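Subject: Structure for your files

Hello,

The structure is below, and notes on what was found in it follow. Please read them with the model open.

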Amino acid sequence: MSTNPTDIGSMDLPAISNGLRADIAAAVPHLRRYAHALLPIGGGALEADDLVQSAVERALLRIETLRPESNVRVWMLAILHNIYVDRVRRQRREREALGRLSDTGAKSVPARAIVSLQVSELSAALTKLPWEQKEVVLLIGLEGLPYVEAAEVLGIPVGTVRSRLSRGREALRTMLGSEGDREVR
Amino acid sequence: MRNIHIDLLQDYVDDELGARERLKLAKHLGANAQDRARVEAYQAQRDELLRLYNDKLHEAIPGSIQELIDLAPVATQSSQDVEGRGSSLPARQHNLHESDSHAMNELVGTLITQAVQSYNYYAGERGQPPLFEGERLQEFCDWFECQTSVRLVTPRLDEFGFSVLHARLLPWAPGAAGQVLYRDATGRLLATYFHVFHRSPGSKAPVQPVCTEQDRLSIYYWQYQAVYYAMVASMSQRELMRIAQAITH
């Protein structure tokens with residue numbers, strides 16, 4: 001999933017104010033936390049940072065799209081989300097293409113070596129969530145965004161945020177073996 | 001009905017309820033063990049997420065990403081106005097410690113500490129007699145060049161109402177550092193601090209000019225070739241930036 005490394009020195013970036021530069025730098029740790037939680041276990045820190053670097057690069061190149069009233073962190077999370085979704089869809093297409101090749105008897109591509117990892121139950125459960133639900137769970141549960149800002153990041157209505165969050169959390173609760181009556185009066 | 005109810009529990013967990021609704025739901029949770037268990041499960045998920053991933057907030061930004069951020073040129077006031085961002089995104093005040101953890105490398109952090117300590121040292125009028133004063137400033141610059149092979153051009157800040165008070169060399173293990181102190185008619189002090197970086201900066205990107213403010217003390221720091229500079233003064237960030245940018249330009 002790693003992209004070709006950008007030749008940073010050759011980039012022609014627009015000028016930014018020092019205040020905005022500091023805001024972008026302050027947002028990066030949050031982007032990294034989110035990206036590391038978002039990517040599958042074993043995906044590797046490099047891929048998470050690659051995703052963040054792509055987001056920072058795109059943010060700097062499209063700085064003119066940042067509205068004055070915008071929260072820089074939310075704006076950058078939205079950029080990261082778009083890049084992530086593009087990659088997920090591209091991977092899905094590649095998997096489908098590989099599946100077709102396998103069906104025709106072509107030599108299969110070796111799977112990524114399975115790495116033995118000590119992971120928490122929650123990390124393991126997160127990987128089983130649909131990515132749409134995982135994003136909402138992480139944006140709200142980990143990044144602490146209000147529903148409105150999570151909706152802004154994902155480009156979906158607040159109602160959809162609520163329903164994805166509800167399904168995601170309930171799925172996690174089930175996978176983590178929470179006891180309790182699911183009946184709600 | 002089920003979804004609405006779960007949504008309310010989520011709103012409670014995520015602090016999306018108004019005070020009155022929150023109180024009402026808290027009472028409900030006190031009487032309903034099943035819903036309380038569900039809320040506790042959601043809260044446990046959130047706590048576990050933070051436990052698992054919060055360390056990322058405290059890690060240094062990877063070099064390639066920091067380099068990218070540093071690469072964007074600094075917008076001058078005029079270019080910001082043309083782009084319509086300067087006036088709509090005014091310079092913000094930044095917490096020094098937050099900046100330190102997120103944006104400064106170790107060297108710049110040390111430089112700022114030194115600059116602030118020097119400023120406080122002189123502002124408290126507890127200093128030793130300065131090495132050079134007034135007309136002897138040129139002598140100081142000559143001596144500094146002799147010691148470090150770096151030619152200092154001490155900026156004159158007359159147009160901003162500041163005159164040179166004195167200058168001195170500061171002890172600095174890995175290189176040479178010095179300070180020029182200015183004072184205006186109202187008694188405000190402005191310290192310019194410089195540090196010659198003896199080691200090769202190597203692959204480190206130049207430190208872009210940064211202005212920050214804390215507790216009414218503003219600091220502007222930048223790098224030019226092998227010398228790091230910082231200006232410290234008890235004035236607004238905007239005023240100090242105006243002076244510093246006049247010097248750097």
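A residue is called buried under 20% relative accessible area, exposed over 50% and partly exposed in between, with a 1.4 Å probe and protein chains only. By that cut-off Thr192(B) is buried, because its relative accessible area is 6%.

Some conventions come next. This is a predicted model, in which local features need pLDDT of at least 70 and side-chain atom pairs count only at pLDDT 80 or more, while totals for chains, interfaces and linings use all residues. Residues are numbered from 1 along each chain as its sequence is written, chains are lettered from A and ligands numbered from 1 in the order in which they are written, and side-chain values use heavy atoms, with hydrogens and water left out.

Chain B

Helices (H or I, at least four residues) and strands (E, at least two) are DSSP runs numbered from the N terminus. Chain B has nine helices and seven strands, and 47% of its 249 residues count as buried. Taking contact as heavy atoms within 4.5 Å, 53% of the contacts in chain B between residues at least 6 apart in sequence join residues at least 24 apart.

Thr192(B) belongs to strand S4 (residues 189-196) of chain B. Leaving out residues up to four places away in sequence, Thr192(B) touches Gly178(B), Gln179(B), Val180(B), Tyr182(B), Ala230(B) and Met231(B).

Cores

A nonpolar core is a set of buried Ala, Val, Leu, Ile, Met, Phe, Trp, Tyr and Cys residues joined through side-chain atoms within 4.5 Å. The largest one has 62 residues, and Ile24(A), Val56(A), Met76(A) and Leu80(A) touch the most other members. Helix H3 (residues 72-103) of chain A supplies the largest share of this core, 12 residues. Another core, of 20 residues, lies apart from it and includes Val180(B), Tyr182(B), Tyr220(B) and Met231(B).

Beyond its neighbours within four places in sequence, Met76(A) contacts Ile24(A), Ala27(A), Leu31(A), Val56(A) and Ala59(A).

Arg21(A) is in helix H1 (residues 18-38) of chain A and counts as buried, at 5% relative accessibility.

Rings

Rings of Phe, Tyr and Trp (its six-membered ring) pair if their centres lie within 6.5 Å; planes under 30 degrees apart count as stacked, over 60 as edge-to-face and the rest as tilted. This rule gives one aromatic pair over all chains. It is formed by Tyr84(A) and Trp131(A), with ring centres 6.3 Å apart and planes at 80°, so the pair is edge-to-face. Tyr84(A) lies in helix H3 of chain A and Trp131(A) in helix H5 (residues 131-141) of chain A, so the pair ties together parts 47 residues apart in sequence. Tyr84(A) is buried at 6%, as is Trp131(A) at 14%.

A charge sits over a ring if NZ of Lys or CZ of Arg is within 6 Å of the ring centre and within 35 degrees of the ring normal. Arg169(A) lies over the face of Tyr42(B), 5.5 Å from the ring centre.

Helices between chains

Axes are lines fitted to C-alpha atoms, for helices over the stretch in contact, and angles run from 0 to 180 degrees between N-to-C directions. Angles under 35 degrees count as roughly parallel, over 145 as roughly antiparallel, 65 to 115 as roughly perpendicular and the rest as oblique.

The axes of helix H7 (residues 158-175) of chain A and helix H3 (residues 33-53) of chain B come within 10 Å and cross at roughly 95°, and H7(A) and H3(B) are therefore roughly perpendicular. Arg169(A), Glu170(A), Leu172(A) and Arg173(A) of H7(A) make the contact with Arg38(B), Ala41(B), Tyr42(B) and Gln45(B) of H3(B).

Regards
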